[in-house]
Amino acid sequence: MESLTYPWVGLVLDKLPRAARSLPQALLLSGPEGLGKRTTALFLAQALLCETDRKELGPCEICPSCRLYQVGNHPDLRILEVGQEGEAVIIPGAAEEEPAPAKKASRQISVHQVRALSDFLTLTSHRGGAKVICIIPSEAMHPSAANALLKVLEEPPGATYFLLVSHQSERLLPTIRSRCVRLDFAVPQPQIAINWLRGQGIDRAELALAQGGYAPLAASQLATELPFWNQRESLLDILADAEFDPLRAAECAEDIDGPVVSRLLAQWAYDLVRLKIGFKLRYHPDYAASLEKIASARCARDLMVWYNQVIQYGRTSQHPLNKRLAMESLFSGYLGR
């Protein structure tokens, strides 16, 4: 059974019918990453496949269907999820919170993978109950795959349920969104998330939550990534130094993965702008004094100009033509220097 011990998810499930078979045939689980949408989708999938008549939303865990699910071999479940070697994989069943490590990260779900579901959609279910299709994340579908799915959603087969997980639902076709009942996941109140993180044995839960974008599961994963915290401290110490040296900063940033540098700098610049216009900082409770000092000494225009430069860099951070040159150019304009 998918474990739904996240306190913020219960509030989302309260919006759904208590009987699994009363769920809409197409459900869109939408919200930022790190909130447990995948786990929730799989929990609902198991509840739909469960053969025990229950008054509560959830599987019984003991019926033959639940047993099949637990061993990852349920014939009436298909999971389309970005997999390895450039292709999406169709998994008969899965119970993990995160996909297994892949040799090569996949970025799209192809039209071939969606069309391969045709037999599954037309044949009678093996267990005589519901059939369930999960797509994670649904915005990873190639445009042709999205159009192929749309044709199915226009006239979904009876007793077939679609659970679409989306981290960026605005990237989905409007026609797909319109055919789904939307279930929104929002970041929980900070104290709820902090209490949960502390219960997981995570030190400095407030900082981990801030760096994880206030998504508890993202914060939990990030908290264990020691290289990230070492890189963060090295770079931010340089940015906070009153004797800031752009070449030293560029040398430090060159050894950090481009998207990580982009995120660190964007968060730093964002907090500087927030402090300058009178709001509380969001991402750096451990550098509050340094940020306040820098923000008070700089004009709002300089802060905004550099923030925009950081955002521009982020758009090419995956494949900069010359990372060292890009870093030197970016840091030479740090706060109007």
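Here is a short chat about a few local features of this predicted model.

Reader: Why are helices H13 and H16 called roughly parallel?

Author: Look at the angle: H13 (residues 258-276) and H16 (residues 323-332) pack at about 10 degrees, and their axes are 12 Å apart. Angles under 35 degrees count as roughly parallel, so H13 and H16 get that label.

Reader: Which residues make the contact between them?

Author: From H13 it's Gly 258, Val 261 and Leu 265, and from H16 it's Lys 323, Met 327, Leu 330 and Phe 331. Sort them by kind and you get five nonpolar, one polar and one charged. Gly counts as polar here and Lys as charged.

Reader: What makes Arg 204 exposed?

Author: Arg 204 has a relative accessible area of 55%. The cut-off for exposed is over 50%, so Arg 204 is called exposed. You'll find Arg 204 in the loop between helix H8 (190-199) and helix H9 (205-211). Its phi is positive, about 50 degrees, although Arg 204 is not a glycine.

Reader: And why is Glu 61 called partly exposed?

Author: Its relative accessible area is 34%. Buried means under 20% and exposed means over 50%, with partly exposed in between, so Glu 61 lands in that middle class. Glu 61 sits in the loop between helix H2 (37-49) and helix H3 (64-70), and its phi is near 80 degrees, again a positive value.

Reader: What is worth noting about a positive phi?

Author: Most residues other than glycine have a negative phi.

Reader: Where is the cis peptide bond?

Author: That bond joins Ile 136 and Pro 137, with omega about -15 degrees. Pro 137 lies in the loop between strand E4 (131-136) and helix H6 (143-154). Most peptide bonds are trans.

Notes: Residues are numbered from 1 along each chain as its sequence is written. This is a predicted model: local features need pLDDT of at least 70, side-chain atom pairs count only at pLDDT 80 or more; totals for chains, interfaces and linings use all residues. Side-chain values use heavy atoms; hydrogens and water are left out. Axes are lines fitted to C-alpha atoms, for helices over the stretch in contact, and angles run from 0 to 180 degrees between N-to-C directions. Helices (H or I, at least four residues) and strands (E, at least two) are DSSP runs, numbered from the N terminus. Angles under 35 degrees count as roughly parallel, over 145 as roughly antiparallel, 65 to 115 as roughly perpendicular and the rest as oblique. Contact means heavy atoms within 4.5 Å. Buried means under 20% relative accessible area, exposed over 50%, partly exposed in between (1.4 Å probe, protein chains only).
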